Amino acid sequence: MKTKVRVKKDFLMSLFAVFLGLLAGAILMVVTGNNPFDGFYYLFRGGMMNIERIGNTLGMATPLIFAGLSVAFAFKTGLFNIGGAGQMLIGGLCATAIGLTFDWPKPILLLAIVFGSLIGGALWAALPGYLKARFNVHEVVSTIMMNWIAYWSIFYIVPAYFKGPFLETESQRIPEAASMKVPWLTSLFSGSYINLGIFLAIIFVVISALILEKTTLGYELKAVGYNRDAAEAAGISVNRNIILSMSIAGALAGLGGATFYVGYASNMQIGVLPSQGFDGIAVALLGANSPWGVFAAAIFFGLLHTGKGFMNAMTAIPPEIADTIIATIIYFAATSVLIERNWDRIKRFRAGALLRKAKKRTLEAGSGGDQ
Amino acid sequence: MRLDYVVEMREIRKEFPGVVACDDINFQVKKGEIHALLGENGAGKSTLMNILFGLYQPENGEIYLHGKKVNVANPNIANDLGIGMVHQHFKLVHNFTVTENIILGLEPTRAMMIDIRTASARISKLSKQYGLNVDPDAKISEVSVGMQQRVEILKMLYRDAEILIFDEPTAVLTPQEVRELMKIMRSLIDEGKTIILITHKLREIMAIADRCTVIRWGKLVGTVKVSETTEEKLAEMMVGRKVLFEIKKKEAHLGEEILKIENLSVLSSSGALGLKNFSLGVKCGEIVGLAGVDGNGQAELVEAIIGLRSIESGKIIVHGTDVSSFPVRERIKKGMAHIPDDRHKHGLILDYTVQENLVLKNYYLEPFSRRGFLNWDLIQEHASRVIKDFDVRAGEGPDSSARSLSGGNQQKAIVGREIDGNPEILIAVQPTRGLDVGAIEYIHRRLIEQRDQGKAVLLISLELDEILDLSDRIAVINSGELVGLVNAAETNENEIGLMMAGVKRGATA
């Protein structure tokens, strides 16, 4: 209740950014000699024309939800987590390692994978958190470095311990029991690559919202994010909260890694930083750092990613247009402060005009009465 | 058209979300007068002047200068129209010289080079003409606050301003500097300038202004001739009720010495000893005032007591326990409360709502939370009660963002939070800084109330009047050392003033 007004405004701003992004895409389509109505028709149709496509959209969105939550959560404490990609890699590595090592029944194995990736991601991000708290090392620098440490660690560990049967550059396929794909869900969405990760994502959206809005932990994290000095003077341990916030952000990204490498995919490739880790920043931005906003933004991006191939197949519009739309939306979401300011100005101007008009009218009415 | 008014503002209306800052205000200034604009914090006086200076655009209303209608769309136009403003927070570049600051934005050039010498000569001349005594080549970072203010004044004069707006100019000055400023203002008037003085200090208005316009809650209360009014009447116009100037204090009932500071030494941020071997005790039921010029170790002392700064040596004893190594929260649990001098930095989280701010120190305790979950209903209830008890005026009640409150109400919210926690020891640092008469009176009453209830109050203030009015005993600090400790009843402004300058009691006798 207490943040209703704010949420509504953020929501409008995000919608506005999306609208402007689509508009820019439309202009590009026209410029390249295509019909934007056809383009958007096939873009959105490609993302949701049948149950399989919808499943793919959700499957595509799942790691994005986690990556977005990760960035948004850290941001609430005033921290900029750019290490989502590395944390996803480590989460994915933990998940893959557990999946390839243990021969347990599926429910137990999946549970182990969830906890393993959560803890792996958390520890990976706790280190930059500690460096920030203890030595005031900026988290942007340290998380980027951690990304590359993760990248090269995978480069070594996967070929050394989990090498696939044919290729040096990827791990073995994880067994059926370790995959988040389940037959009933796959067949429900007629063969799409949706997996249990989407439920996990929804659960963690709820948990994140709960932590931020309802718990003393969330209260402390946000207090530190908004005003370190006041939080410290009130007896809140700033350092503890910085480490905690980074750990939670890392845990979320780690889970995202699990849903990506043992859900969406079924093996790990070396030499790739998952782009979702960085897309998470855009998702958090468009979602105004609120868990449900992140959820919606991730699904929207998932939709664009899924639909762009179809658009390309059905029209002459290159798939890069979809990427351009995403980029433009990010741009407008980032400049939403400007939009917001102008928004206020327009409203004020209109209110002023109305007031003047009303005043004039009463004046005229008054002088009319005198006559 | 009435040509005798240099400035005439008609039916000015300005609204911010949730408040009408200026409600159809009419305001006229005569040529050559010092016109005071009086009102409590948040009454709308700064907003009105920001409109005149072009920083805000009004929703409605007209501005006339010398009888001609003008549209002040931005401060540059205001400059062109001969309106200058000295803001409360100076707008100076610290590593520039006085001259460089003054010519910033309209640098005179000769053959593509800035012609500093001509500018400097002109500044010297202006400085002499108005008795400002400013060295044009001094660096801003090396001159005093009072001198910086004169640079701001010179900046206006250099731009040929005829109408000079001063926004709370004395808030940052020592009593001597205030006297100097008044002299300068008079010489400005003698040279034909017109001055608008935004203030809430009645004494200054009585001393220097010709006329005074009072604003309350965004509405015009009236304009009066200063020679025909009194401080009491002005205060009543400003606050809307009678104001008690005298502070009534019952006799102190002293209890145990609950806070004992023993031989405390603390490093300052620069690495030197900011506090040297400092000892002081505060008993239950008394207010001990700590007087001193700013920057003489007060900040180090306060931060050491509440736990934000580690100590070099010494003891901080609360109830017989040495708390000098305790974290902040443990000290709060021991009954320590703190009203900080910088309410935006240490007092409030501006992006939090009022209700969230009011539980900043006890959100983790029952009943506000249980097993890590906050109880928002109770937090809101608690906020409503504190808002009522401490007369915090917030547009949207507990849900208002702390940022939207006026300074006085933010301070009341902090005082409310600290006192409502029922502390044993209250450390009040500049508790009325930048507040208006109504809020000052209120907060002083609350501090006395704490004392009468048997709490120990340590009052640290740069306002000597405040220290003298409230304290039972007065300690004076200079260069991080305790100069002396006297009974408030047995001393006076002069004696404390000397001690503040570092002269020990009896040394002159």
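Reply: Two residues are in contact if their C-beta atoms, placed from the backbone, lie within 7 Å. With that cut-off, 80% of the contacts in chain A between residues at least 6 apart in sequence join residues at least 24 apart. This is a predicted model, where local features need pLDDT of at least 70, side-chain atom pairs count only at 80 or more, and totals for chains, interfaces and linings use all residues. Residues are numbered from 1 along each chain as its sequence is written, with chains lettered from A and ligands numbered from 1 in written order.

Chain A has 15 helices and 0 strands (DSSP runs numbered from the N terminus: H or I, at least four residues; E, at least two).

Now the pair: H3(A), residues 51-76, packs against H8(A), residues 197-214, at about 20°, with the axes 9 Å apart (lines fitted to C-alpha atoms over the stretch in contact, angles running from 0 to 180 degrees between N-to-C directions). The two are therefore roughly parallel, a label for angles under 35 degrees. H3(A) passes H8(A) in a left-handed crossing, i.e. the near helix is turned anticlockwise from the far one by less than a right angle. On the H3(A) side, the contact includes A:Leu58, A:Ile65, A:Phe66 and A:Lys76; H8(A) brings in residues including A:Gly197, A:Ala201, A:Phe204 and A:Leu212. By class, that contact has 10 nonpolar, 3 polar and 1 charged residues.

How values were computed. Parallel < 35°, antiparallel > 145°, perpendicular 65-115°, else oblique. Nonpolar A, V, L, I, M, F, W, Y, C, P; charged D, E, K, R; others polar.
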